[in-house]
Amino acid sequence: MRPPSTPRLIVLSLLSCLLTARAQAAEPAGCDAFRWPAEPIRAVLQGEAVQFASGNATPFTPGKALQLKLQPQASVTLPVTPQKPPRNPTPFAGTLIIAAPAASGSYAVAMSAGGWVEAIQDGKSLRTVAFSGATGCPGLRKIVVFALEAKPLTLQLSDIAAELITIAIVQAP
């Protein structure tokens with residue numbers, strides 16, 4: 001089989017760039033682009049945050065901002081393999097161990113930055129119940145809803161572009 005010619009490689013590269021730009025352009029923008037009212041969740045994320053290093057534990061405190069200091073993803077041993085490979089050239093990752101919620105229910109994990117979040121209970125990654133994300137909303141980038149049981153929880157964050165991220169767990173909208 002003959003390798004592709006240089007002009008063909010250029011065309012393929014341009015096509016790939018156009019498709020990527022089109023996908024990014026289609027992403028919703030602005031705080032009003034979320035599926036749910038963003039202001040209450042943004043207010044939590046922009047409030048005073050309790051700081052943690054990756055791997056630390058915290059009580060289950062819905063409605064409180066938690067700032068997590070992450071590590072380069074290549075140096076972190078994550079409890080489960082992330083469901084998506086990193087898109088950032090130098091991604092950061094980390095975990096936060098959270099005590100069991102008082103009651104089972106739907107809870108939203110809000111993130112100040114883009115990336116991948118997984119809720120882990122009993123050693124297994126939980127399925128996402130709902131998701132909403134938007135660019136151009138200061139302090140809020142993504143909201144992911146999980147059905148949590150009244151059991152300890154590990155939040156696993158990966159493919160984060162920065163070393164610090166603020167997260168909050170709130171009642172699902």
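**Close-up 1. F60 and Y107, two buried aromatic residues.** Both F60 and Y107 are buried (under 20% relative accessible area, with exposed over 50% and partly exposed in between; 1.4 Å probe, protein chains only). This is a predicted model, in which local features need pLDDT of at least 70 and side-chain atom pairs pLDDT 80 or more, while totals for chains, interfaces and linings use all residues. Residues are numbered from 1 along each chain as its sequence is written, and side-chain values use heavy atoms, without hydrogens and water. The structure has 1 aromatic pair (ring centres of Phe, Tyr or Trp, the latter by its six-membered ring, within 6.5 Å; planes under 30 degrees apart are stacked, over 60 edge-to-face, the rest tilted). The F60 and Y107 ring centres lie 5.2 Å apart with planes at 85°, so the pair is edge-to-face.

**Close-up 2. A salt bridge between R42 and E39.** Their closest N and O atoms are 3.6 Å apart (a salt bridge needs a Lys or Arg side-chain nitrogen within 4 Å of an Asp or Glu carboxyl oxygen). R42 is buried at 14% relative accessible area, while E39 is partly exposed at 44%.

**Close-up 3. K151 with its partners D122 and E149.** K151 forms a salt bridge with D122 at 2.7 Å, and another with E149 at 3.2 Å, N to O. Shared partners join D122, E149 and K151 into one network. D122 is exposed at 56% relative accessible area, whereas K151 is partly exposed at 28%.

**Close-up 4. The surroundings of T95.** T95 is buried, at 12% relative accessibility. Leaving out residues up to four places away in sequence, its contacts include A53, N56, L68 and T154 (heavy atoms within 4.5 Å).
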